[in-house]
Amino acid sequence: MHSNLLKKARLTEDKKRKEVFPQLPRFHVTGGCGWINDPNGFAPYKGEYHLFFQYYPYDKHWGPMHWGHVKTKDFIHWKFLPAALAPDQEYDRDGCFSGGAVEMPDGRHLLLYTGVRKDQLDDGSMRVEQTQCVAIGDGLDYQKLPENPVIGAPLLPPGNSTWDFRDPKVWCEGDTFYAVAANRNQSGRGEVLLYQSHDGIHWHLAGIPASCTEENGPMWECPDLFPLDGKHVLMHSALAMQASGLEFHPGNGTVCHIGRFNRQTCAFTEEAIQTVDYGLDFYAPQTLLSLDNRRIMIAWMQNWDSSVYPPENLQFIGQMTFPRELRLSGTRLCQWPVREIEACRQNPVIRSDVPIQDEQSLPEVSGRVLDLSLQIRPGEEALYQSFTIKFASAKGMYTELTCYPEKGTIRIDRSHSGFPRDIAHVREFPVSFREGEIDLRLLLDKWSFELFVNGGEQAASATLYTPLTADGITFSSDRQIYLSVEKYDLIF
Ligand code: FRU
């Protein structure tokens, strides 16, 4: 039986999605209407990939959280499914917060999510309780268990916060279920807790793989822990980070620790740490292991500071990044758009070693839904100081990215994209040049760009709400360079 709240959400999305559809990006997941944030429950189920998300179908603002639901076979073509969860129980009446999903050994689909409940106390103050809850279903409809909450205060380390305790990411190894969740300890610092269970319902605390450092913010949200190329990656999204050089910027940031995880002691030994995405809009990623053994990541392509200014002309806010394949190069996490997109490439425009200096466009190189690869090579004279690409450009509006080989950085800047609010629009981040040479790949999809540098050593994503008529692309450099271009339309 579905609650009235879930029925209402399903009716609303049915009604609104048809109207909103023409505005949606072509190959990025959205809620189809209303608001979305974090990806949830990104995992294979019965031969397909399911993705849920933090969802409020009624408005372009965050509200009591539901779980929206889509699925795909190829990470490109997604099918909307009816909302999966609504905040309709005592223990989750203020929100079904982020969590994970897994196919159970008996073929059922288990969702592990955070139930949020707020109570006003006699002195007027607010008491928030976050607990972990289970819903089990068949890939379409889910029942919350009478045993809920399945992980609550008694399973926390003594003195840890019951207020900041959320975002379980669940997986199975053989018959054993594991989940990592975010929490705060007695001294107010964030921690990642590891839980273990034989059935997904009865859990115990197995250990504490990691705790926050001061620079990485007071609370880590949405942790994920997975093996990759002989090591382990512990990833999390930090609230209120401090800036550190060009590696970490202030505010919401997603960080990954690369190292070794000891299952017996639950200790994570860090060998390297990095920003996952250097752009303006990237938060709360989740990964899955694909049916052909690729580690694939998807994230909310937005951040909390920018999300409060939804574009006036669109009837939805929030989208996911395009799914990315992860690999390690030494101790560096590299990411690359899933290879399935290559089958959607059409109308190739290929130009080799075009000399560029003054700002110019190239014939047939324009558009707002495309896959563009660029190779920049210095000219014969002195090394260029800066090479700039402007895109989504027309009538004084544009977004630009500039390569600085001497500084070893790239700067992205959407200040002129038409955004009406003075939030962060610029980031600069470290990249490597090979004597001035660098490779870039840019995916554009109407309201966003995703940049991949040197085969995915760095990625940078951002939303841009420039009118779609702005589809120009130009190139310029302070000294002559040679530019090779491979541009494809993406047809679905
Ligand atoms: C991260 C987050 C999670 C929480 C969810 C609420 O963006 O704050 O910690 O579960 O969003 O929507």
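How many salt bridges does the structure hold? The answer is 38 salt bridges, where a salt bridge means a side-chain nitrogen of Lys or Arg within 4 Å of a carboxyl oxygen of Asp or Glu. The idea behind the term is simple: side chains of opposite charge can pair when their charged atoms come close. Take Lys169 and Asp224, whose closest N and O atoms are 3.0 Å apart. Lys169 sits in strand 9 and Asp224 in strand 13, so this pair ties together parts that are 55 residues apart in sequence. (Helices, H or I with at least four residues, and strands, E with at least two, are DSSP runs numbered from the N terminus.)

Before going on, keep in mind that this is a predicted model, where local features need pLDDT of at least 70 and side-chain atom pairs count only at pLDDT 80 or more, while totals for chains, interfaces and linings use all residues. Residues are numbered from 1 along each chain as its sequence is written, and side-chain values use heavy atoms, with hydrogens and water left out.

**Two domains**

The chain splits into domain 1 (4-337) and domain 2 (341-490), with bounds that come from an automatic or database domain assignment. Their C-alpha centres lie 31 Å apart. Where the two meet, 38 residues of domain 1 are in contact with 37 residues of domain 2, contact being heavy atoms within 4.5 Å. Together the domains bury about 3300 Å², with 62% of it on carbon and sulfur atoms. Buried area here is the accessible area (1.4 Å probe) that two parts lose on being put together, summed over both.

Two salt bridges are counted between domain 1 and domain 2. Arg324 also forms a salt bridge with Glu450, and there the closest N and O atoms are 2.7 Å apart. On the domain 1 side that touches domain 2, the elements giving two or more residues are helix 2 (304-307), strand 19 (316-317), strand 20 (324-329) and strand 21 (332-337). Strand 21 gives the largest share, six residues.

**Around the ligand**

Which residues surround the ligand? They are Asn37, Asp38, Gln54, Trp62, Met65, Phe97, Ser98, Arg166, Asp167, Glu221, Tyr283 and Trp304, using the rule that one heavy atom of the residue lies within 4 Å of the molecule. Here are some distances from a side-chain N or O atom to an oxygen atom of the ligand:

| Residue | Distance to a ligand oxygen |
|---|---|
| Asn37 | 3.0 Å |
| Asp38 | 2.7 Å |
| Trp304 | 3.0 Å |

Most residues other than glycine have a negative phi, and most peptide bonds are trans. Now look at the loop between strand 8 (142-144) and strand 9 (165-173), where you'll find Pro149. A cis peptide bond joins Asn148 and Pro149, with omega about -10 degrees.

Next comes Asp229, in the loop between strand 13 (219-228) and strand 14 (231-241). Asp229 isn't a glycine, yet its phi is positive, about 45 degrees. Lys395 is another residue other than glycine with a positive phi, near 50 degrees.

Technical notes. A polar contact is a pair of N or O atoms within 3.5 Å; within protein, one must be able to donate a hydrogen and the other to accept it, and residues adjacent in sequence count only if both atoms are side-chain atoms.
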